[in-house]
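Q: I would like to learn how to read a protein model. Can we go through the features one at a time?

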Amino acid sequence: MKLLKRLWPQSLAGQLVVFLLTAIVLAQAIAFIVVTDERRVAVERTTRDQVVARTVDFARLVAESPVDLQNRMMRNASDRRLRFDIADTSLLEHADMDERDEALERRIADELGPLARDVRVVYETDGLNRWFRAKKGDPKSLESKGTGPQGPPRGPALRDFVGLAISINLAPGGASGGRWLNMRTLVRTQPPTFEGLALASVIATAVVLVVIVVFTVRRTTRPLRELAGAAERFGRGEAVAPLAEHGPSDVRQTVVAFNAMQDRLKRFVDDRTRMLAAISHDLRTPITSLRLRAEMVEDAESRDAMLRTLADMQTMVEATLSFAKDEATAEATRTVDLAALLDSLCDDLAAMGKDVTFTESDAKLAMACRPTALGRALRNLIENALNYGASARVAVRREADEAVVEIDDDGPGIAEADRARVFEPFVRLETSRSKQTGGIGLGLSIARTMIHAHGGEIALANRPKSETDGGGLRATVRLPIAKA
């Protein structure tokens, strides 16, 4: 079952080809069986009619011929599949009457009329008439009489034939009056096979069908492939032009729905971003006014507290404006080396005196992305490790068609119950993250948003403590990369 699932084609064209080929093979097999049976019946009937006609004509000729010519006539009329002889007794006198064809007996008797006093017709069902085999000491054996060719008939396999024996008791009054004209033959029951022709027909039909199906399906599914590519790019936050509406009606309706959805989502995101930017911008004036008023407060302790609060608010506003500005900027998508991007980020932070190390992978990590946005997300994660864990160890490797980035720190980690909440905007975990380290709680939220926009995933986990590792937080980022 697993092998069947592994071999089963995944594309629409492949599955249609399998279904249609199966239908063709079954239809051809059924047609082959029906046609073969009809040919068998037709060949058997034709061969029997020919044998009967030849026997009747020969019986008339023998009845009118002198006795001294009859033995020569028997030899000349006999061949490997039909043999005649004339005797005083019936060939079927001691034969096993496996099958007696009374209808054929009446037909021969009607055609001969007064020339025949008795007619006997017997089939042997074992496929080979025993009278064709030489049997020593058997007076009924044709070979022992020496009146016909020796040995069984050559050519097709004997299993394709059935033995037929006819004995006609000629009426008295003629040259052979009262004697028995005996005829033995093989009647073909299986017509010549044509498996090769049938197989060639199936192969030719299958080849033509595969070509037509592949061409038709590829032409039909081209809009679907374009739709899948556009949806992938749109999911990464790229600007996607409206798709051309062509193809079958069902596909066109899907493309129309996608274009409409893309337009609505873009307008919704743009409106939200503009509103966020407007609110943050408008907050600057009252914050500045409050700062001026706070400066005039005489109590130093109260003044410092108010100024710190206003500074935090100013930082939030500036961070929100920066985020909205980045979202509103339509950055072009380019293919970059993810390892080189991480190396550059780590070098910049190391130049600032930060404890950052980077372990590069030997695998190629080419990725289509918006470098500035993705770089900001990864920098936020590295700075988060530096702020709360004192150091950051960055590593990247390839797994199948994904790039896996791991950022480790030596901090206290995050409780499992808080790992999802920490990605929410403006959320800070006071129990494990000191406010003295700075930040307003947007770093992880922005990082996750940017990573999701590139079709990736981010997860946080605490590393277990060991003799060589004091534990800490590990941020794991998985990003889709180009196939090798």
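A: Start with confidence, since this is a predicted model. The mean pLDDT of the chain is 78, and 82% of its residues reach 70 or more.

Q: Where in the chain is confidence lowest, and where is it highest?
A: Helix H5 (residues 142–145) is lowest, at a mean of 40. Strand E10 is highest, at 93.

Q: Which stretches have a pLDDT below 50, and how many contacts do they have in the model beyond near neighbours in sequence?
A: Residues 131–155 are one such stretch, with 60 contacts of that kind. Residues 431–435 also fall below 50, and this stretch has twelve such contacts.

Q: How many helices and strands are there in the chain?
A: The chain has eleven helices and twelve strands.

Q: How much of the chain is buried?
A: A residue counts as buried when its relative accessible area is under 20%. Of the 484 residues, 37% count as buried.

Q: What share of the contacts join residues at least 24 apart?
A: Take the contacts between residues at least 6 apart in sequence: 68% of them join residues at least 24 apart. Leu-290 lies in helix H7 (residues 249–295) and is partly exposed, with a relative accessible area of 41%.

Q: How many salt bridges does the structure hold?
A: To find a salt bridge, look for a side-chain nitrogen of Lys or Arg within 4 Å of a carboxyl oxygen of Asp or Glu. The structure holds 18 of them.

Q: What are the details of the salt bridge between Glu-399 and Arg-397?
A: The closest N and O atoms of Glu-399 and Arg-397 are 2.8 Å apart. Glu-399 counts as partly exposed because its relative accessibility is 29%. Arg-397 counts as partly exposed too, at 32%.

Q: Which parts of the chain does the salt bridge between Arg-474 and Asp-408 link?
A: The closest N and O atoms of Arg-474 and Asp-408 are 2.8 Å apart. This pair links distant parts of the chain: Arg-474 is in strand E12 (residues 472–480), Asp-408 is in strand E10 (residues 402–408), and the two are 66 residues apart. Now compare their surroundings. Arg-474 is partly exposed, with a relative accessible area of 28%, whereas Asp-408 counts as buried, at 9% relative accessibility.

Q: What does the salt bridge between Asp-410 and Arg-463 tie together?
A: These two side chains meet at 3.7 Å, N to O. Asp-410 lies in the loop between E10 and helix H11 (443–453), and Arg-463 lies in strand E11 (residues 457–463), so the pair ties together parts that are 53 residues apart in sequence. Asp-410 is partly exposed, with a relative accessible area of 41%. Arg-463 is buried, at 8%.

Q: Which residues do salt bridges with shared partners join into one network?
A: Salt bridges that share partners join Arg-397, Glu-399, Glu-402, Glu-406, Asp-408, Arg-474 and Arg-478.

Q: How many cavities of 30 Å³ or more does a search of the whole structure find?
A: First, the general idea. Rolling a probe the size of a water molecule over the atoms shows where empty space is left. In this structure the search finds one cavity of 30 Å³ or more. The largest cavity has a volume of about 70 Å³.

Q: Which residues line the largest cavity?
A: The lining is made of Leu-381, Asn-384, Ala-385, Ile-407, Asp-409, Leu-444, Leu-460, Leu-473 and Ala-475. These residues divide into seven nonpolar, one polar and one charged. Helix H10 (371–389) and E12 each supply at least two residues of the lining. H10 gives the most, with three residues.

Q: What about backbone angles? Where do Ala-390 and Ala-400 lie, and are they buried or exposed?
A: Look for a positive phi in a residue other than glycine. Ala-390 has a positive phi of about 75° and lies in the loop between H10 and strand E9 (392–399). Ala-390 is exposed, with a relative accessible area of 60%. Phi of Ala-400 is also positive, near 55°. Ala-400 is in the loop between E9 and E10 and is exposed, with a relative accessible area of 66%.

Note on methods. Residues numbered from 1 in each chain as written. Predicted model: local features only at pLDDT ≥ 70, side-chain atom pairs only at ≥ 80, totals over all residues. Heavy atoms only, no water. Buried < 20%, exposed > 50% of the residue type's maximum accessible area, 1.4 Å probe, protein only. Helix = DSSP H or I, 4+ residues; strand = E, 2+ residues; numbered from the N terminus. 1 Å grid on protein atoms, 1.4 Å probe; cavity = no way out; pocket = protein on both sides within 12 Å on 5 of 7 lines; lining within 4 Å. Points joined across faces, edges and corners; volume = space filled by probe spheres on them. Nonpolar A, V, L, I, M, F, W, Y, C, P; charged D, E, K, R; others polar. pLDDT = per-residue confidence, 0-100. Contact = heavy atoms within 4.5 Å.
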